[in-house]
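Hi everyone, thanks for making the time.

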Amino acid sequence: SSPDVGPSRLAATPPALESSERTKLIRQVFCICDRDGDGWLNAEELQRFAVQTGFNGNAEEWLEEFGILCTEQGGHRDRGFSLDMFARLVDDTSLDGCFCSDDELRNMYREWT
């Protein structure tokens with residue numbers, strides 16, 4: 001018998017394509033935040049992202065929150081978050097993560113460019 005190639009299967013976006021688009025969006029947001037271009041988001045650089053996703057505390061509160069994020073997500077207090085760590089953070093749907101939809105990432109990118 002022939003494989004099922006009905007309209008519903010043809011209309012679906014291949015998961016690899018969806019994944020590559022999301023990966024690109026995450027990289028774009030990361031690169032905009034990485035102001036010094038060192039491949040890491042330090043506390044100051046990640047704060048821009050945090051504010052965009054709902055953090056509204058002062059600088060001292062942010063440093064405390066950044067330390068907690070580093071502990072929970074495997075970041076480094078001095079260097080911060082690499083692209084891979086940042087990707088895990090924005091893909092994490094748990095209470096410890098900071099999940100962002102593709103639309104949210106796209107909107108951040110558009111707003112910042």
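This is a predicted model: local features need pLDDT of at least 70, side-chain atom pairs count only at pLDDT 80 or more; totals for chains, interfaces and linings use all residues.

I'll start with the overall layout, then go to the pocket, and finish with the aromatic residues.

The chain has 113 residues, and 33% of them count as buried. In terms of secondary structure, we have 6 helices and 2 strands. If you follow the sequence along, the order is α-α-β-α-α-β-α-α. Now take the contacts between residues at least 6 apart in sequence: 53% of those join residues at least 24 apart.

Okay, on to the pocket. How much space lies in the largest pocket? About 180 Å³. Its lining is made of 15 residues, and the ones nearest the centre are Ala 50, Trp 62, Glu 65, Leu 69 and Cys 98. Which helix gives the largest share of that lining? That's α4, with 4 residues. Both α3, residues 43–52, and α4, residues 59–73, supply at least two residues each. If you sort the lining by class, you get 9 nonpolar, 3 polar and 3 charged residues.

Now have a look at Phe 55, which sits in the loop between α3 and α4. Leaving out residues up to four places away in sequence, Phe 55 touches Ala 50, Glu 61, Trp 62 and Glu 65. Phe 55 and Glu 65 are 10 residues apart along the chain, and their C-alpha atoms are 9.3 Å apart.

That brings me to the aromatics. There are 5 aromatic pairs in the structure. One of them is Phe 49 with Phe 86, an edge-to-face pair at 5.0 Å centre to centre, with 75° between the planes. Phe 49 is in α3 and Phe 86 is in α5, residues 83–91, so this pair ties together parts that are 37 residues apart in sequence. Both Phe 49 and Phe 86 are buried.

Another pair is Trp 62 and Phe 66, and this one is tilted: 5.9 Å centre to centre, 50° between the planes. They're 4 residues apart in α4, so about one helical turn separates them. Trp 62 counts as buried because its relative accessibility is 2%, and Phe 66 does too, at 3%. Finally, Phe 55 comes back here: together with Trp 62, Phe 66 and Phe 81, it forms one aromatic cluster.

Key: Residues are numbered from 1 along each chain as its sequence is written. Side-chain values use heavy atoms; hydrogens and water are left out. On a 1 Å grid over the protein atoms alone, a cavity is a set of points where a 1.4 Å probe fits but cannot get out, and a pocket is an open set with protein on both sides within 12 Å along at least five of seven lines; lining residues have an atom within 4 Å of a point. Grid points are joined across faces, edges and corners, and a volume is the space filled by probe spheres set on the points. Ala, Val, Leu, Ile, Met, Phe, Trp, Tyr, Cys and Pro count as nonpolar, Asp, Glu, Lys and Arg as charged, and the others, Gly among them, as polar. Contact means heavy atoms within 4.5 Å. Buried means under 20% relative accessible area, exposed over 50%, partly exposed in between (1.4 Å probe, protein chains only). Rings of Phe, Tyr and Trp (its six-membered ring) pair if their centres lie within 6.5 Å; planes under 30 degrees apart count as stacked, over 60 as edge-to-face and the rest as tilted.
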